[in-house]
Amino acid sequence: MQPELERLGVHESVELVFPPSELADSLSELPVDVAVVGDDEIDSCDAVVTLEHRDAFLECEWVHSIQAGVDRFPFEEFEERGVLLTNSTGIHDRWVGETVASYLLAFARRLHRHVANQQERRWEQPEWDDGFTLPGSTACVVGTGTLGSGVAEVLGSLGVRITGVRRSGDPVEGFEEVYASENLLEAVADADFVIVTLPLTDATHHMFDAEVFDAMADDAYLVNVGRGSVVDESALIEALETESIAGAALDVFETEPLPEESPLWEMEEVIVSPHCAAFSEDYYRAVGDLVRENVDRAERGESFHNRVV
């Protein structure tokens, strides 16, 4: 059943990524009323664009997530209530790919250490063999969907050999070799960088545990731009402390914000970013394009793009 749309709300929770008024203004030409709404105004909307979930959304006809990940939304309840859920898969691939490339370049050229030294006004050149270059290195991207493919495209242009891991192990364009998920330990063994782009599901929860870190080379780096709980954080911290792996770049965590007492903050070979790998000045425009397309599809009676539920 197609939703009948009269009022679309841009929920104030998107403020964590971009000003909600920017998106609302960009959608002002739609044939529906568009307004920024708070929690107390959700009941006046047929559709909502949001970052976070609210139980009141179950009274709407359509909810659009500005992220690709939708693990925060209760699928079963959406299905029971007949609420459409769409996501923003497809808009983040290049942005996240560039962020991942920046992590790898920082480790290779020791930029993270230079920035740390700068804060201490410390002039300290790296050891002669600390730095390296990316061409010829191997990155294993675990999750070969839209996000993983975007990462592969950017890293491939830097001369990095790209392998991947997916459930089936079937070939994917842009990946030199693809392993099945059951062969994860083999896949990560020879990689210089292991990059997680997976969504959080029952199957992926703590997929990266002590066994995986033991299988990685001791000079390899972990990068997580998927979901925090895909990685067993305590096992990762132990692997870093025992130098079982060389370091990590983390944009997502099991608890966000990352607690002040986490040892990850002070580890020299760890880069922490606050779940912002996809942030861009064009974010709201890209979300607007998806919303605009689905409003058009609703008018034409067509199925929604990026429909999850």
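Asparagine 306 sits in the segment after helix H9 (283-300), and its phi is positive, about 60 degrees, although it is not a glycine.

Now, what are we looking at? This is a predicted model, where local features need pLDDT of at least 70, side-chain atom pairs count only at pLDDT 80 or more, and totals for chains, interfaces and linings use all residues. Residues are numbered from 1 along each chain as its sequence is written, and side-chain values use heavy atoms, with hydrogens and water left out.

On to the sheet. Helices (H or I, at least four residues) and strands (E, at least two) are DSSP runs, numbered from the N terminus, and two strands pair if DSSP finds at least two bridges between them. The open sheet has seven strands with parallel pairing, in the order S8-S7-S6-S9-S10-S11-S12. Which strands form its edges? Those are strand S8 (177-180) and strand S12 (270-272), each pairing on one side only. On average, neighbouring strands here are turned by 15 degrees against each other, direction ignored. For angles, axes are lines fitted to C-alpha atoms, for helices over the stretch in contact, and the values run from 0 to 180 degrees between N-to-C directions.

Let's walk into the middle of it. Strand S6 (residues 138-142) pairs with strand S7 (residues 161-166) in the parallel sense over five bridges, and alanine 139 stands opposite isoleucine 162 in S7. S6 is also joined to S9 by four bridges, again running parallel, with alanine 139 opposite phenylalanine 193 in S9. S9 in turn pairs with S10 in the parallel sense over four bridges, where isoleucine 195 has valine 223 of S10 as its bridge partner. Both faces of S9 are covered: Phe193 and Ile195 on one side, and Val194 and Val196 on the other, are all buried.

What packs on the sheet? The buried residues of H8 are Glu233, Ala235, Leu236, Ile237, Ala239 and Leu240, and their cover includes helix H7 (210-215), S10, S11 and S12. Just after H8, glutamate 243 takes a positive phi of about 60 degrees. Helix H5 has buried residues too, namely Gly148, Gly150, Val151, Ala152, Val154 and Leu155, and what covers them includes H3, S6, S7 and S9.

On a 1 Å grid over the protein atoms alone, a cavity is a set of points where a 1.4 Å probe fits but cannot get out; a pocket is an open set with protein on both sides within 12 Å along at least five of seven lines; and lining residues have an atom within 4 Å of a point. Grid points are joined across faces, edges and corners, and a volume is the space filled by probe spheres set on the points.

How much space lies in the largest pocket? About 1100 Å³. Its lining has 46 residues, and Ala68, Leu147, Thr197, Leu198 and Pro199 lie nearest its centre. H3, helix H5 (146-156) and S7 each give two or more residues to that lining, and H5 provides the largest share, three residues.

The second largest pocket has a volume of about 590 Å³. It is lined by 24 residues, with Arg72, Glu256, Pro257, Pro274 and His275 nearest its centre. Two of those names come back for their backbone: a cis peptide bond joins glutamate 256 and proline 257, with omega about 0 degrees. Proline 257 is placed in the loop between S11 and S12.

The largest cavity holds about 30 Å³, and its lining includes Asn224, Glu233 and Leu236.

Histidine 206 has a positive phi of about 55 degrees although it is not a glycine. Is histidine 206 buried or partly exposed? Partly exposed, because its relative accessible area is 25%.

Note on methods. Buried means under 20% relative accessible area, exposed over 50%, partly exposed in between (1.4 Å probe, protein chains only). Contact means heavy atoms within 4.5 Å.
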